[in-house]
Amino acid sequence: MTNKALKNIAEISEVVARVTRILSGRSIQVIQEGLKLGVEYDSQGAPVRVYLPSLVDNPSEELLVAVHGFLDREVSTLLYTDHAETHRRRMTPQYAKKGMHRAMQTVVEDVRTERNMRENFVGSAANFNKNHEFAIDEILEPEFKKTSGTDRMACLLYTSPSPRD
């Protein structure tokens, strides 16, 4: 394993430890388990658990970028989103349709929470940039190339690197 890989693993481990301390003050568990990745919410829309994959002995740079990016992305949502309001919005007919209305709400909220995260956690800016590059190159661009015309706008709004629904 290279020195760079060891440094990246140590950095991710430190971030997980720091995030765990922050979220535990909000009664949100952070669990590293298998390949599980996501956030679990209770019936009222409040986050209760964050799942991160356990890192293998020799993780690829892409996996480290993805885990770090996911962590920063979800932490920004967990820290800066009004979960009661989000839950209320999710119960509306427009949101349930999973259409343009829902996609635009998500885009606006993601931009707002990422901005707050960048302002309060300086290192997150570089992580978001790396994660955005990965999402564009590996997820959005291939989907975009499969579409044409008006389907392209829908592709950009509905193709999301985030596992959140």
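Me: Which residues form a negative surface patch?
Reply: Keep in mind that this is a predicted model. In general, Asp and Glu count as negative. Here the negative surface patch is made of E61, E62, E133, D137, E138 and E141.

Me: Which helices each supply at least two residues of the negative patch?
Reply: Helix 2 (61-80) and helix 6 (124-145). Helix 6 gives the most, with 4 residues.

Me: Take E61. Is E61 buried, partly exposed or exposed?
Reply: The general idea is a scale: buried is under 20% relative accessible area, exposed is over 50%, and partly exposed is in between. E61 lies in helix 2. E61 has 33% relative accessibility, so E61 counts as partly exposed.

Me: Is N131 buried or exposed?
Reply: Use the cut-off again: buried means under 20%. N131 sits in helix 6. N131 counts as buried because its relative accessibility is 15%.

Me: Which residues is N131 in contact with, leaving aside neighbours within four places in sequence?
Reply: V65, A66, G69 and F70.

Me: And D72, buried or exposed?
Reply: D72 belongs to helix 2. Its relative accessible area is 5%, so D72 is buried. Set aside neighbours within four places in sequence, and D72 is in contact with M117, S124, N127 and F128.

Me: How many residues apart in sequence are D72 and N131, and what is their C-alpha to C-alpha distance?
Reply: D72 and N131 are 59 residues apart in sequence. In space, C-alpha to C-alpha, D72 and N131 are 9.6 Å apart.

Conventions. Residues are numbered from 1 along each chain as its sequence is written. This is a predicted model: local features need pLDDT of at least 70, side-chain atom pairs count only at pLDDT 80 or more; totals for chains, interfaces and linings use all residues. Side-chain values use heavy atoms; hydrogens and water are left out. Patches are made of residues with over 30% relative accessible area and no salt bridge: like charges are joined within 9 Å, nonpolar side chains (Val, Leu, Ile, Met, Phe, Trp, Tyr) within 5 Å. Accessible areas come from the Shrake-Rupley method with a 1.4 Å probe; for residues, only the protein chains shown count as cover. A salt bridge is a side-chain nitrogen of Lys or Arg within 4 Å of a carboxyl oxygen of Asp or Glu. The place of a charge is taken as NZ of Lys, CZ of Arg, CG of Asp or CD of Glu. Buried means under 20% relative accessible area, exposed over 50%, partly exposed in between (1.4 Å probe, protein chains only). Contact means heavy atoms within 4.5 Å.
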